[in-house]
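Here are some notes to read alongside the model. Have the chain open while you go through the points.

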Amino acid sequence: MAGRLDVRKTYKLYLGGAFPRSESGRTYEVVDTRGRFLANAALASRKDARDAVVAARKACDGWSAATAYNRGQVLYRVAELMEGRRDQFVDEVLAAEGGGRARAATAVDAAIDRWVWYAGWTDKIGQVAGSSNPVAGPYFNFSTPEPTGVVAALAPQTSSLLGLVSVLAPILCAGNTVVAVTSADRPLPAVTLSEVLATSDVPGGVVNVLTGRAAELGPWLADHLDVNAIDLTGAAGDTELAADLEVRAAENTKRVLRAPATEPDWSAVPDGPHRILSFCETKTVWHPVGV
């Protein structure tokens, strides 16, 4: 019996809840740690980045207005669906990162657990970061955290799934929408995660995934006036790119989560809600005391 032909996959972008091709028509080959072909991925352009921002802005009001409890339930459902595709994630992380199947399985399990961890923060962040402030006068004064808006995120270049989840989940937890640029060389776990998101309860446009190069897409997102904040984690180790994006973001007063000198150890459990608060604004309300 003749052997089957390889089915060479060409993956698309994830924008506004749909899977379009890059408007440029460009793709690039994704290979495993041994240089063997895995798939073709869309090479996103600046037009794709602009379309992703439009989709994120359109979804922003609805997602931020959802109750914290509802957002937590929606995010928890993503973890449930990831669990159902665990074997596929393990295969893709193994191909992307090497290191043996047990190591890949540990990373995937940690990514699912990390998603659950942040889902649990949705209805707690207001209690931790909010306050009732003492004032000299017949007033109540309350401070509460609110989402920043549309956040651009450069995903870690090395940790293809656990690092990605550790960047995405805290942004979503606070009620923001996101435009994520995946690891250029290791995008397939992110593509599979976008397929999970598309079949979950996360509204279209809340998460938008661009496969391609951070150095090409980052400047357009940092310059974009409808992007409220940018996470430069994926520029770790590239001091020239990180510095350029910081300057661009400062010129239009974006919130910036600076790139670390080296990529963090994502296996370490977060020590609190600090990444969530990086993409929150503090709203303070004065109210007169009733007589």
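1. Some ground rules. Helices (H or I, at least four residues) and strands (E, at least two) are DSSP runs, numbered from the N terminus. The expected span of a helix is 1.5 Å times one less than its number of residues. What you see is a predicted model, where local features need pLDDT of at least 70 and side-chain atom pairs count only at pLDDT 80 or more, while totals for chains, interfaces and linings use all residues. Residues are numbered from 1 along each chain as its sequence is written, and side-chain values use heavy atoms, with hydrogens and water left out.

2. Start with helix α6, residues 162–173. Its 12 residues reach 16 Å from the first C-alpha to the last, close to the 16 Å expected. Is α6 mostly covered or exposed? Mostly covered: 12 of its 12 residues are buried, where buried means under 20% relative accessible area, exposed over 50% and partly exposed in between, with a 1.4 Å probe and protein chains only. Among them are Leu-162, Pro-170 and Cys-173. Just after α6, Gly-175 takes a positive phi of about 105 degrees.

3. Next, look at Met-82 in helix α2 (residues 68–84). Met-82 counts as buried because its relative accessibility is 0%. Contact means heavy atoms within 4.5 Å. Leaving aside neighbours within four places in sequence, Met-82 is in contact with Phe-89, Ala-111, Ile-112, Trp-115, Leu-161, Val-165, Leu-193 and Val-196. The C-alpha atoms of Met-82 and Val-196 are separated by 6.7 Å, although the two are 114 residues apart along the chain.

4. That leads to the cores. A nonpolar core is a set of buried Ala, Val, Leu, Ile, Met, Phe, Trp, Tyr and Cys residues joined through side-chain atoms within 4.5 Å. The largest has 54 residues, and those with the most contacts inside it are Met-82, Trp-115, Leu-193 and Val-207. Helix α4 (residues 101–119) gives the most to this core, with 10 residues. Apart from it lies another core, of 26 residues, among them Ala-49, Leu-210, Ala-222 and Ala-242.

5. Now the strands, which pair if DSSP finds at least two bridges between them. Strand β1 (residues 10–11) pairs with β3 (residues 37–42) in the parallel sense over 2 bridges, and Thr-10 stands opposite Asn-40. Strand β2 (residues 27–31) pairs with β3 in the antiparallel sense over 5 bridges; here Val-31 has Phe-37 as its bridge partner. The hairpin of β2 and β3 has 5 residues between the strands, and Gly-35 takes a positive phi near 85 degrees there.

6. How many disulfides are there? With a disulfide taken as a pair of cysteine sulfur atoms within 2.5 Å, the count comes to 0. For Cys-173, the closest cysteine sulfur is in Cys-280 at 7.8 Å, too far for a bond. For Cys-60, the closest is also in Cys-280, at 12 Å, again too far.

7. Last, the aromatic rings. Rings of Phe, Tyr and Trp (its six-membered ring) pair if their centres lie within 6.5 Å; planes under 30 degrees apart count as stacked, over 60 as edge-to-face and the rest as tilted. The whole structure has 5 aromatic pairs. Tyr-139 and Trp-286 have ring centres 5.8 Å apart and planes at 80 degrees, so the pair is edge-to-face. Tyr-139 lies in strand β5 and Trp-286 in strand β11, so the pair ties together parts 147 residues apart in sequence. Tyr-139 is partly exposed at 41%, whereas Trp-286 is exposed at 53%.
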